[in-house]
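Here is a short briefing to read alongside the structure. Have a look at the picture, then follow the points below.

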Amino acid sequence: MRRERETPKQQQQQVSYTVEHLVAVNPYNPDILPDLENYVNEQVSSQTYSLDANLCLLRLYQFEPERMSNQIVARILVKALMAMPAPDFSLCLFLIPERVQMEEQFKTLIVLSHYLETGRFRQFWDEAAKSRHIVEAVPGFEQAIQSYAIHVLSLTYEKIQRPVLAEAINIEGLSLDKFLEYQAANSGWILEKGHGRGQLIVLPQNEFNHPELKKSDADSVPLEHITRIFPILG
Amino acid sequence: MATNYDYEEAPATYDEAHRQDLGYDPNFVPDSVKSLVVHLYRHIREKNVYEIHQMYEISFQTLSDRLFKDTPWPSVDAVAHFVDNDQVFCLLYREMWFRHIYARLSPTLKQRIDSWDNYCSLFQVVLHSVVNMQLPNQWLWDMVDEFVYQFQSFCQYRAKMKNKTEQEIALLRQYDQAWNVYGVLNYLQAFVEKSNIIQILEQEKEGLEQFTATDGYDYSGGSNVLKVLGYFSMVGLLRVHCLLGDYQTGLKCLLPIDISQQGVYTSVIGSHITTIYHYGFANLMLRRYVDAIREFNKMLLYIYKTKQYHQKSPQYEQILKKNEQMYALLAICLSLCPQVKLVEETVNSQLREKYGEKMARMQRYDDEAFAIYDELFSYACPKFITPSAPSFEEPLVNYNQDAYRLQLKLFLYEVKQQQLLSGVRTFLKVYSTISLGKLANYMEVDDPTLRTILLTYKHKTHAVDSEGKVISNADVDFYIDDDMIHVVESKPVKRYGDYFLRQIVKLEGVINDMDRIKLD
């Protein structure tokens, strides 16, 4: 496996273009396995992500189990976890043999996924802290999970108490203050004073946490349907 | 003219041992078979698609039923001289010959391997030479469908190593390329690429190509074989990927086909059902329950209305089987995502009849419920395969269930994660607002646990589609203001826009009719 260093941006883009191209036109080819493995490492170091390429690699591992690299698979799973709320983690698990999933590091990742799927953020961060070697190997992990946490919270809460938010994104004290100020300035968060119980954060309104904004698509008519009656309308 | 075929009266010039081994004489060609191949060959050369279809669908089946109930058809060598030893015809005949073996008898390992060789030869011809035939869509679909089926069957067969004989193991070792997964996938992919079908479908949308309009047939003197094989190979790829557990890629392979419309895939009932069954199953595993429910609903309604026309067809049993399986999958989807208004009346009543009781028990999410999820999933799921080559090391084991067990385990895992959602739903339906504390009390959990349950509900009912957009499939929804839960009821909305459009068209029709009336 090639040792990862900072690659020049152009060269890096060329690599990703070539691999994506391979996956699109010649995916059922055992010879591209090393390229796909390198691409996983590429994704990790440059904080990019490609589900299609990773699924392609997991398929090749399925076809030729002797060539499977547990380390690469672990990295793929961590990247998939970072893609939540997309179901990528499950999609990857479908392709990994059961006996491999029984190994320690994979059991841990599955537990982490379980906590995230069921909104148990406190347990997630506790477990993640115990498994630093797995998760810290992938830059951007913490931010990705925090982003997912905020996504689910935004679906659920119109107004959320500070401690609940803090526990979900694993930020406290001064760092949290800074974080909240940043979100208030850039993402439309509003910081309120809750009744005696500390800060309340008002999350930006969307159709999921604010019913009046729910798009009523029931009465919208697609343009193609209207064009069909143009001859009649004259 | 059919003659009564009697094995024992075959001429003594044939190899006795050979005959005894096979239990039939491969070189004896009844007159009816000779007549069939001669006429079929002529019709293919003359591109009489209708006649080809009649002979393929009906005559072949009738003769199989009458003369070859439990024996193979005459060998290709015996019929070759009736058809000028035409290479392509012989390959087609052999393909049907093997298909008959799989359908009525049990193929030996050697036959499985020979069938693979035949497909390779046949596909090479279609891919690399100019084939000037028009074959019925039914036949072309059957070829792709059978190809994938034999692959699946071979993987299942190969995975049962425990009781293999010495000869079988030797053959497996010798012909290790037969039915290898790379070969299967690459042939299907090659058809898609070489036929240019994706571009053809794209250009058809802009009116630059004709494909769907002609049901895939070529009316300008060319051949439909490569194009239609390319088209059906997309469905074949969806199927293979589902067998491997790669649902995402499977659906991607199907993307060029617009399943919200009629198309060549609906021109053959088998293709229509296979497409929707796998599309629905893949979406179920991807947690896109609404998409699965919609398509299963449409398909089941279609089968309900049209199955009477297929009663005499050789596919009838398969149609019924897939029908039952889709009802089971629909029951699963609706239990995980109660959206009954997506299901049409007829389908719903059939569903209640078959699975009403089970669905009620599934929503309880207790041990019995999981047993039912297990039962329905196991009944309705595809026959998953392990594509890798077997290990020949002692002890030889059977691992044909491994793939299925993994998919089932992961599916039940997902069901388990949704365990508490049903309870939440019941409460949300009753209240318009309720404090977190009170609801926690009713559900007998503490506040933090309730918060996680509510977050899970939101996460599981808001799926991310293929473009990354969040879509809610919750029938009852809510939002939380500090510690107050506000329930949002989604009311059914009248679709005025559609109504007006229909009335406008109708009125125009009436006016046109009136204009046509001449008053004396």
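In chain B, the residues B:I52, B:H53, B:Y56 and B:E57 of helix 3 meet B:Q138, B:W139 and B:D142 of helix 7, where contact means heavy atoms within 4.5 Å. By class, this contact of helix 3 with helix 7 of chain B has 3 nonpolar, 2 polar and 2 charged residues. The model is predicted, so to speak of local features takes pLDDT of at least 70 and side-chain atom pairs count only at pLDDT 80 or more, while totals for chains, interfaces and linings use all residues. Residues are numbered from 1 along each chain as its sequence is written, chains are lettered from A in the order in which they are written, and side-chain values use heavy atoms, without hydrogens and water.

**Helix packing within chain B**
- Helix 3 (residues 49-67) and helix 7 (residues 137-158) of chain B pack at about 45 degrees, their axes 9 Å apart.

- The axes of helix 3 (residues 51-63) of chain A and helix 12 (residues 247-254) of chain B come within 10 Å and cross at roughly 115 degrees.
- A:L51, A:D52, A:L55 and A:R59 of helix 3 of chain A make the contact with B:Q248, B:T249 and B:K252 of helix 12 of chain B.
- The residues of this contact divide into 2 nonpolar, 2 polar and 3 charged.

**Chain A overall**
- Chain A has 14 helices and 3 strands (DSSP runs of at least four residues for helices and at least two for strands).
- Of its 234 residues, 50% are buried (under 20% relative accessible area, with a 1.4 Å probe).

Notes:
Axes are lines fitted to C-alpha atoms, for helices over the stretch in contact, and angles run from 0 to 180 degrees between N-to-C directions. Ala, Val, Leu, Ile, Met, Phe, Trp, Tyr, Cys and Pro count as nonpolar, Asp, Glu, Lys and Arg as charged, and the others, Gly among them, as polar.
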